[in-house]
Amino acid sequence: MNKKKATLTGLIAVFLWSSIVGLIRGVSVNLGAAGGAAMIYTVGALFLLLSVGFPRLGAFPRRYLVWGGLLFVSYELCLALSIGYAHTGRQAIEVGMVNYLWPTFTMVAAILFNRQRAGVLIVPGFLLSMAGICRVLGGAHGFELSEMLANVSDNPLGYGLAFAGAVIWAAYCTVTARIAEGKNGVTPFFMMVASALWIKYLASGGGAMHFSLQAVVYLVLAAAAMGFGYAAWNVGILHGNVTVLAGASYFIPVMSAALAAWLLHVPLSASFWLGTCMVCGGSVLCWVATRGRTGH
């Protein structure tokens, strides 16, 4: 595959990932938070087996399988359940936005643990991302502390899982950059996530899953977005223009909010969009602060 086609494939992954919040929410409404997530990752694992295949685990560094697998599974559980546990469509979008703090956290982690050099823009970038999340959670009037506290207290588990997921994914990116040795364990990791979610579903007493044509469509689309998204991203990163893909990925929050608002029929205020753009802008500043600089 030539570089242009590989880059386009990677950009498709950006679009697929942008649809995840709305699609996961659509599945969880019909199949439940744990049951719906378990179905998504089960079907997603099947898609990965068909598109990527199952790797020879003996060729993988053991540390990557253990620590990379643990962090990957933990992150995906936090992502899927935080959206599934949201009380409303609007809250699902807000939870998804908290999760998108991971690019900023990843840059900070690279500086702290991987000796990544950075310029002074890293500080305003981090502060801008955090301020953006505060504005997203502050309601229609922006930085309203009482509104932020009311939102979080209404569903502390959902928001807590989303924030934990952002931290965990930053840790995954930081750790795997050091120990993966170019290996990609997404297929077995997806299977581990599905297994963990089925255990969670059964341990919590199961529960009815209401299958309908709409639920099945959402399920297939969500699983395809998750599974094929990782497969396409891997192609883009290995053979495409990494700079273009990295830049595009920082605008996922805006695309994700737009697609989720459309899928879930949720109107979003101007203050929300401003906060979303601030999150993206903060991530871009952090990226610019580290671009072209090497570790020492």
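I began with helix α5 (residues 89–99), where E94 and R90 sit 4 residues apart and are thus separated by about one helical turn; helices here are DSSP runs of H or I, at least four residues long, numbered from the N terminus. I noted that this is a predicted model, in which local features need pLDDT of at least 70 and side-chain atom pairs count only at pLDDT 80 or more, while totals for chains, interfaces and linings use all residues. Residues are numbered from 1 along each chain as its sequence is written, and side-chain values use heavy atoms, with hydrogens and water left out.

I looked up the pairing itself and found that E94 forms a salt bridge with R90, the closest N and O atoms being 2.7 Å apart; the term requires a side-chain nitrogen of Lys or Arg within 4 Å of a carboxyl oxygen of Asp or Glu. The structure holds 1 salt bridge. E94 is buried at 4% relative accessible area, whereas R90, at 21%, is partly exposed (buried is under 20%, exposed over 50%, partly exposed in between, with a 1.4 Å probe and protein chains only).

I then turned to the largest nonpolar core, which has 86 residues, and in which I40, Y41, F72, I93, F190 and Y230 touch the most other members; such a core is a set of buried Ala, Val, Leu, Ile, Met, Phe, Trp, Tyr and Cys residues joined through side-chain atoms within 4.5 Å. Another core, of 7 residues, lies apart from it and includes M107, A246, Y250 and C286.

Last, I checked L285, which lies in helix α14 (residues 270–290) and is partly exposed at 25% relative accessible area.

How values were computed
Helices (H or I, at least four residues) and strands (E, at least two) are DSSP runs, numbered from the N terminus.
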